[in-house]
Amino acid sequence: GFTAWSTAAAGQSLILENSQCSVNAAGVAASVSGSQITVTFPVTFKSSFRGTWQVREYVIATINSGWQTMGSWTVP
């Protein structure tokens, strides 16, 4: 995982990367419908990173959510 916090704004010309994957901030998109927000991240996995992994998120707003497991995905 990341050894330090990294940040980028959606649409920014910046790639965040670690030994497992990279996220291109230029392709991040968000939409709001009522009280729900949907965020799409363009993730590119490294060739050595395969298997089933958990999706976790941490939201900081008026309250901290703490780390929450939101699902999983499989990298073939």
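Student: Which residue forms a salt bridge with Glu 17?

Tutor: This is a predicted model. A salt bridge needs a side-chain nitrogen of Lys or Arg within 4 Å of a carboxyl oxygen of Asp or Glu. Here the closest N and O atoms are 2.8 Å apart, and the partner of Glu 17 is Lys 46.

Student: How many residues apart are Glu 17 and Lys 46?

Tutor: Glu 17 lies in strand β1, while Lys 46 is in the loop between β5 and β6. The pair therefore links distant parts of the chain, and Lys 46 counts as partly exposed, with 27% relative accessibility.

Student: How many salt bridges does a search of the whole structure find?

Tutor: The pair of Glu 17 and Lys 46 meets the criterion. Searching the whole structure gives a count of one.

Student: What is the order of the strands in the open sheet?

Tutor: The sheet has three strands with antiparallel pairing. Its edge strands are β1 (15-17) and β5 (43-45), each of which pairs on one side only. From one strand to the next, the twist averages 20 degrees. The order is β1-β2-β5.

Student: Which residue in β5 stands opposite Cys 21?

Tutor: Strand β2 covers residues 21-24 and runs antiparallel to β5, joined to it by three bridges. The residue of β5 opposite Cys 21 is Phe 45.

Student: Is Ser 22 buried or exposed?

Tutor: Ser 22 has its place in strand β2. Its contacts, leaving out residues up to four places away in sequence, are Ile 15, Leu 16, Glu 17, Pro 42, Val 43 and Thr 44. The relative accessible area of Ser 22 is 14%. The cut-off is under 20%, so Ser 22 is buried.

Student: How many of the five residues of strand β3 are buried?

Tutor: Strand β3 spans residues 29-33 and is hardly covered. The count of buried residues in β3 is zero.

Student: Which residue in the turn between β3 and β4 has a positive phi?

Tutor: β3 and β4 (residues 36-40) pair in the antiparallel sense over five bridges, with Ser 33 opposite Gln 36. The two strands form a hairpin with two residues between them. The residue in the turn with a positive phi, about 65 degrees, is Gly 34.

Student: Where in the protein is confidence lowest?

Tutor: The protein averages a pLDDT of 80, and 88% of the residues score at least 70. Confidence is highest in β1, at 89. Where pLDDT is low, predicted coordinates should not be read in detail. Confidence is lowest, at a mean of 77, in strand β6 (residues 51-57).

Note on methods:
Residues are numbered from 1 along each chain as its sequence is written. Side-chain values use heavy atoms; hydrogens and water are left out. Two strands pair if DSSP finds at least two bridges between them. Helices (H or I, at least four residues) and strands (E, at least two) are DSSP runs, numbered from the N terminus. Axes are lines fitted to C-alpha atoms, for helices over the stretch in contact, and angles run from 0 to 180 degrees between N-to-C directions. pLDDT is the predictor's confidence in each residue, from 0 to 100. Buried means under 20% relative accessible area, exposed over 50%, partly exposed in between (1.4 Å probe, protein chains only). Contact means heavy atoms within 4.5 Å.
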